[in-house]
Amino acid sequence: MTKAEQRKIALNARRAMCETERAAASRAICAKLLTLPEVQRAKTVLSYLALWDEVDLTALHEILTGRGVRLCFPVSLSDGRLAVYEPRSFVTGAHGIREPDRRVSVPVSPGELELVLCPCAGFDAACRRLGRGAGYYDRYLPLCLNAFVLAVAFDCQKLPALETDAHDYPMQAVVTESCVYNMEP
């Protein structure tokens with residue numbers, strides 16, 4: 001099965017969830033994330049603002065901000081790269097995603113990040129992540145040398161085994177509402 005076919009299956013499963021299911025699963029994922037040592041000790045975190053059908057991390061963001069964590073978000077640049085900012089305000093970006101307003105937000109280098117929370121279209125038990133296909137995270141994550149990198153997803157997005165390419169960046173863990181998958185050492 002091709003990556004495009006796998007992406008379609010996982011995204012259709014995610015989109016089939018009702019709003020109530022998605023909200024409950026998002027809350028469960030946030031609670032599970034808060035139990036992880038890597039989340040508990042991180043002081044600078046790259047997260048994301050969810051699209052309507054993605055895992056909503058708002059509850060986690062509120063708790064981390066309350067703990068004094070420096071919460072950062074990505075900006076998709078026109079050349080296919082990600083830039084990361086500590087937001088001062090938000091705008092709607094080129095892909096319809098809310099992102100930090102680069103004119104007033106504070107740039108953050110990849111080396112400053114201690115934890116990266118990635119959205120995903122699909123995943124497998126070996127912690128391989130299937131993104132939306134543009135490769136933004138796969139190009140950015142190798143620069144995050146000090147960060148623990150994990151994906152968040154709903155259980156329904158799990159696939160038997162993902163097709164991967166050499167440039168696909170593996171996750172150290174994947175967190176769903178019912179499980180924490182860890183990459184084999």
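These legends walk through close-up views of a predicted model. Residues are numbered from 1 along each chain as its sequence is written, and side-chain values use heavy atoms, with hydrogens and water left out. Because the model is predicted, local features need pLDDT of at least 70 and side-chain atom pairs count only at pLDDT 80 or more, while totals for chains, interfaces and linings use all residues.

**View 1**
An α-helix has 3.6 residues a turn, so residues three or four places apart point the same way. Just after helix 4, Gly-68 takes a positive phi of about 85 degrees.

**View 1. Val-116 in the largest nonpolar core.**
This core has 50 residues, and Val-116 is one of those that touch the most other members, together with Leu-33, Leu-57, Leu-60, Leu-113, Leu-150 and Val-152. A nonpolar core is a set of buried Ala, Val, Leu, Ile, Met, Phe, Trp, Tyr and Cys residues joined through side-chain atoms within 4.5 Å. Leaving aside neighbours within four places in sequence, Val-116 is in contact (heavy atoms within 4.5 Å) with residues including Leu-46, Leu-141, Cys-144 and Phe-148.

**View 2. Cysteines without a disulfide.**
The structure holds zero disulfides (pairs of cysteine sulfur atoms within 2.5 Å). For Cys-118, the nearest cysteine sulfur is that of Cys-144, 8.2 Å away. For Cys-127, the nearest is that of Cys-179, 9.1 Å away. Cys-118 is buried, at a relative accessible area of 0%, and Cys-127 is buried with a value of 0% too.

**View 3. The largest pocket.**
About 610 Å³ of space lies in this pocket. On a 1 Å grid over the protein atoms alone, a pocket is an open set of points with protein on both sides within 12 Å along at least five of seven lines, and lining residues have an atom within 4 Å of a point. Of the 31 lining residues, Pro-119, Arg-129, Arg-132, Tyr-136 and Tyr-137 are the closest to the centre of the pocket. Helix 1 gives the most to the lining, with four residues.

His-95 is found in the loop between strand 4 (90-92) and strand 5. Beyond its neighbours within four places in sequence, His-95 is in contact with Ser-76 and Tyr-136. The C-alpha atoms of His-95 and Tyr-181 are separated by 29 Å. Thr-35, found in helix 2, counts as exposed at 51% relative accessibility.

Notes:
Helix = DSSP H or I, 4+ residues; strand = E, 2+ residues; numbered from the N terminus. Buried < 20%, exposed > 50% of the residue type's maximum accessible area, 1.4 Å probe, protein only. 1 Å grid on protein atoms, 1.4 Å probe; cavity = no way out; pocket = protein on both sides within 12 Å on 5 of 7 lines; lining within 4 Å. Points joined across faces, edges and corners; volume = space filled by probe spheres on them.
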